[in-house]
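Please keep the sequence and structure in view while reading.

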Amino acid sequence: MDKNGKLGRHAALALAATILTTALVGCGSSLPSPGDSTGKKSPDGRSVTPTKQQREEVPSTPKNEYGDDVPTNIPQPIPQPEPPSDPGKVNVRVVANTVTSNPLASITNVALFNRTSVYTTITWSKSEGAAQYRVSRREEGALDEKFYIRANVPSSFRGYQDGGLMNLKIGVKYDYRVEALDNAGNVIAAGEDNATPLYPIAIPPKDSLKPADGTDNLAGTTPEFAWGTVGDADGYYVEVFSSVTLMPMWRGYRSHKNGTNITYGNQVDVMPGTLPAVWTQVLNPAGTYTWSVTAVKNDSPDNAMKAKAWAKSNTPAMRFYMGKKPVGGK
């Protein structure tokens, strides 16, 4: 840390490496249950109906809820399944993810940048009386096509991530079964769903990225970002982070049909079925920032809330300087 109390470049990269390392998921991980919005009381004791969120909250830190998917604030709606009318059933939702590259690896471990990771996220509805949930998987085309147990998840969790570093196969359908077990190990409810990972999509070419890595930005506090096209992408997310703290500064979306450039602070398009990002932090005229582009594709482009499979490709993390680069700056 320098005399001004700021992280140096190497310290910032070390922080990025730490975030990258903690984000990576091995053969599977449990996801916590979302907060229960029911049963809340007003000061006079009456029940309160929660209001539906209409906009995305400003992120206070980079977040990574679903595995090795970086940058970390790309929206991916995975709605929590509603409770079924039949108490013997569990509503299950499976979403497959194919991630072509990891932008932070471009500055921490270049060899890992072009690594394709495939994983599924399984979420399910709460089952009354469940002491734990058992998650099993069946692979289409396997010799026996039997369900094999992947995890036993505590009842306080209603989600599981399968795959990641131990990749699933692209283009293969995976069936998942979630069973609610009571304290004696008896199955009291069950449900199934499936998903098929999409094929990877190309990475926007590095030589098309503007501003290029390590360059000055003399266009004021609203720089223009540009990138090359990816033929099968539905659209592109552009993200800007502080290079010192990695705090998210802004995210903008541009649909594939509307072009491959966007101005900082603009919200040109919104992918159907996702919440718009309405947060934009003011850039420091003397600051250093990191940006990247994520090309995205899903199997329900008209409504991402219904998507069962996503494919994403990330450009390398690029650094730019607001204003003129200081003499001797790296």
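A nonpolar core is a set of buried Ala, Val, Leu, Ile, Met, Phe, Trp, Tyr and Cys residues joined through side-chain atoms within 4.5 Å, where buried means under 20% relative accessible area, exposed over 50% and partly exposed in between, with a 1.4 Å probe and protein chains only. The model is predicted, so that local features need pLDDT of at least 70 and side-chain atom pairs count only at pLDDT 80 or more, whereas totals for chains, interfaces and linings use all residues. Residues are numbered from 1 along each chain as its sequence is written, and side-chain values use heavy atoms, with hydrogens and water left out.

The largest nonpolar core has 45 residues, of which Trp124, Phe225, Val240 and Trp291 touch the most other members. A second, separate core includes Tyr253, Met271, Val296 and Trp310 among its nine residues.

Asp175 lies in strand β7, which spans residues 174-181, and Asp175 counts as buried because its relative accessibility is 10%.

For the chain as a whole, there are two helices and 16 strands, taken as DSSP runs numbered from the N terminus (helices H or I, at least four residues; strands E, at least two). Of its 330 residues, 45% count as buried. Among contacts between residues at least 6 apart in sequence, 70% join residues at least 24 apart.

Note on methods:
Contact means heavy atoms within 4.5 Å.
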